[in-house]
Amino acid sequence: MNLNRKLNMGMVGGGPGAFIGDVHRKASRMDGGIELVAGAFDINPRKSKQQGRELMLPSKRVYRTYEEMIDKELKLPDGERIDFVSITTPNNWHFPIAKDFLEAGFHIMCEKPMTFNVAEAKQLKKLVKKSRKVFGLMHNYTGYPMVKLARDLVRGGEIGKIRKIVVQYPQGWLATALEKTGQQQAAWRTDPKQSGGAGCMGDIGTHAENLSEYITGLKITHLCADLSIFVKGRRLDDDGNCLLRFNNGARGVLHVSQISIGEENGLAIWIYGEEKSLEWHQEHPNYLYVKVPDGPVQVWRRGNDYVAAASAAAGRATRLPFGHPEAFFEAFANVYCNFADTVRARMTRTKADPLAKDFPNVDDGLRGMLFIETVLASTKSQRKWTAFKKA
Ligand code: NAD
């Protein structure tokens with residue numbers, strides 16, 4: 001069976017002034033296979049309607065609440081109704097929204113961290129399994145071609161057995177009490193009722209954790225964490241440092257921060273093997289560095305045939321020829337592409353391209369939540385070294 005139409009996307013979140021909902025909207029349409037047709041865009045129904053007008057959506061497909069969206073979309077015929085929903089709200093809403101849409105029979109693309117806590121993440125995993133729907137999680141950094149290349153080089157044995165992983169995600173935008181000015185993104189991220197048990201470690205630490213496991217295929221087994229709150233009056237961590245142990249015996253260092261003045265989105269990773277090492281920087285995503293013991297540094301550059309030859313996944317994730325930079329939007333679009341191909345295959349009961357399976361899912365989301373919980377436990381403990389919580 002062929003699905004001779006675009007996938008219909010709905011969105012929850014992404015109202016006026018929101019950050020990531022708009023990135024999802026732009027990235028999801030990049031390859032022409034997805035169209036936004038409906039949404040409940042804001043916690044404030046009036047603003048949801050305003051966003052719908054700005055997007056020039058028919059007003060009957062712009063809802064006051066996500067519950068109304070489920071109700072009314074279910075009454076529409078197949079083909080007109082949304083096929084999946086993208087959840088781009090603050091963290092506390094991810095689980096209830098994902099649960100209700102899954103139970104109503106929709107596929108899900110959800111922002112990270114997946115849920116508010118581990119109990120919700122475990123429940124969500126069960127629900128996804130039962131529903132037989134596709135669940136994507138927006139760990140967008142896995143969408144970069146050079147990250148996929150790094151993964152394929154590492155997994156292909158290019159750098160030898162991994163000894164050490166250093167991953168960092170420093171930012172500086174919360175170096176002052178920005179939340180007290182009413183800045184929307186700062187306000188909910190520093191509020192334990194909306195963000196969850198962790199601040200910075202949940203917000204960007206989960207990206208660092210996910211990236212290290214995605215590239216290496218290793219799992220963190222133990223960690224030793226130290227979370228801090230530097231800005232007076234803040235209730236959640238705005239800086240965190242962790243030592244890591246991985247299941248092959250490798251050691252790691254993960255540090256994230258939102259008070260590192262001058263840093264923007266400094267996600268970067270270094271992977272040291274017995275033979276070579278790798279280095280990648282999110283702010284310069286088109287380059288992957290390979291270092292050898294006794295020779296010049298190799299720079300692998302996105303868009304070249306030698307990249308696609310070494311990594312089919314990197315080739316598939318590339319749109320422009322070398323020298324024309326691709327970045328954040330394209331990485332999001334790559335997660336959407338693989339997710340959408342998998343949804344299409346599920347809907348038509350056909351086999352997806354094996355490369356389309358390459359997008360973060362509910363298992364990655366559960367690991368992210370276990371990571372947060374383990375970091376919080378280790379921070380409290382005097383013994384420090386804490387076993388990664390079991391799924
Ligand atoms: P934001 O505050 O800019 O936007 C959140 C939007 O959700 C707002 O429009 C708000 O009104 C709306 N909303 C809240 N509750 C709602 C509800 N019940 N129904 C409908 N709309 C609702 O937040 P943001 O910075 O865009 O972050 C949103 C999510 O995306 C968070 O989970 C965050 O962790 C994640 N995020 C991910 C990345 C990434 O790189 N993957 C980057 C930024 C944010």
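**Pockets and rings**

Lining the second largest pocket are 35 residues, and those nearest its centre are H107, R132, K133, V134 and R346. The model is a predicted one, in which local features need pLDDT of at least 70 and side-chain atom pairs count only at pLDDT 80 or more, while totals for chains, interfaces and linings use all residues. Residues are numbered from 1 along each chain as its sequence is written, and side-chain values use heavy atoms, with hydrogens and water left out.

A pocket here is an open set of points on a 1 Å grid over the protein atoms alone, where a 1.4 Å probe fits, with protein on both sides within 12 Å along at least five of seven lines; lining residues have an atom within 4 Å of a point. The second largest pocket has a volume of about 890 Å³, a volume being the space filled by probe spheres set on the points, which are joined across faces, edges and corners. Helix 5 (118-131), helix 12 and helix 13 (362-380) each give at least two residues to this lining (helices are DSSP runs of H or I, at least four residues, numbered from the N terminus). By type, the lining of the second largest pocket holds 15 nonpolar, seven polar and 13 charged residues; Asp, Glu, Lys and Arg count as charged, Ala, Val, Leu, Ile, Met, Phe, Trp, Tyr, Cys and Pro as nonpolar, and the others, Gly among them, as polar.

The lining of the largest pocket divides into 21 nonpolar, 20 polar and nine charged residues.

The whole structure contains 13 aromatic pairs (rings of Phe, Tyr and Trp, the last by its six-membered ring, with centres within 6.5 Å; planes under 30 degrees apart are stacked, over 60 edge-to-face, the rest tilted). W300 and Y306 make an edge-to-face pair, 5.7 Å centre to centre with 80 degrees between the planes. The pair of F328 and F332 is tilted, because the planes stand at 55 degrees, with the ring centres 5.0 Å apart. These two residues are four apart in helix 12, so about one helical turn separates F328 and F332. F332 is buried at 1% relative accessible area, whereas F328 is partly exposed at 24% (buried is under 20%, exposed over 50%, partly exposed in between, with a 1.4 Å probe and protein chains only).
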